[in-house]
Amino acid sequence: MSSSTTPRPSVLFVCVHNAGRSQMAAAYLTHLAGDRIEVRSAGSAPADSVNPAVVAAMKEVGIDISAETPKILTVEAVQASDVVITMGCGDTCPVFPGKRYLDWQLDDPAGQDVDAVRPIRDAIETRVRALIPEVAPA
């Protein structure tokens, strides 16, 4: 049993395919925040698999997402999350009162090679590092 009775804050990352940006963001948040934050990711139109260039770019920074699979965005996932961060899914993300929504404007890594994915990955890392103290103050 945890000594804290406060439920962990939860963050949901959403992009269209759940194969690139949202996978990288979820992996970074899990990696950097450990079990302090519950992390989910989903896509409004999930791809069959995670973008191989994204997997390679994350492996370069020591994070293995090769076993991840794209998941469909569900109303339940949004309702269960405190913070919903969209990345180019626009109006497809359901909006519920009482949730905090952020929209991160990031290039889509779909169809890009690892060289093109690296700057997207690094931008996501910077945003995730800034997000952690906002969502789960130490």
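Which side chain meets that of Glu134 in a salt bridge? The partner is Arg100, at 2.6 Å from N to O. The pair links distant parts of the chain, 34 residues apart: Glu134 lies in helix H4 (residues 114-135) and Arg100 in strand S4 (residues 100-103). A salt bridge here is a side-chain nitrogen of Lys or Arg within 4 Å of a carboxyl oxygen of Asp or Glu. Helices (H or I, at least four residues) and strands (E, at least two) are DSSP runs, numbered from the N terminus.

The model is predicted: local features need pLDDT of at least 70, side-chain atom pairs count only at pLDDT 80 or more, and totals for chains, interfaces and linings use all residues. Residues are numbered from 1 along each chain as its sequence is written, and side-chain values use heavy atoms, with hydrogens and water left out.

Glu134 counts as partly exposed because its relative accessibility is 47%. Arg100, at 33%, is also partly exposed.

Side chains of opposite charge can pair when their charged atoms come close. The salt-bridge count comes to nine. Arg129 has 46% relative accessibility, so it counts as partly exposed. Glu68 forms a salt bridge with Lys71, with the closest N and O atoms 4.0 Å apart. Glu68 is partly exposed at 38%, and Lys71 is partly exposed at 35%. A network of salt bridges links Glu60, Asp115, Arg118, Arg121 and Asp122.

Strand S1 (residues 10-15) is mostly covered, with six of its six residues buried. Ser10, Leu12 and Val14 point one way from S1. Val11, Phe13 and Cys15 point the other way.

Strand pairing was assigned where DSSP finds at least two bridges between two strands. S1 pairs with strand S2 (residues 38-43) in the parallel sense, over six bridges. In this pairing, Leu12 stands opposite Arg40 of S2. S1 also runs parallel to strand S3 (residues 83-86), joined by four bridges. Here Val14 stands opposite Thr86 of S3.

S1, helix H1 (residues 21-33) and S2 make a right-handed β-α-β unit. Right-handed means that, with the strands pointing away from the viewer, the path from the first strand over the helix to the second runs clockwise.

Notes
Buried means under 20% relative accessible area, exposed over 50%, partly exposed in between (1.4 Å probe, protein chains only).
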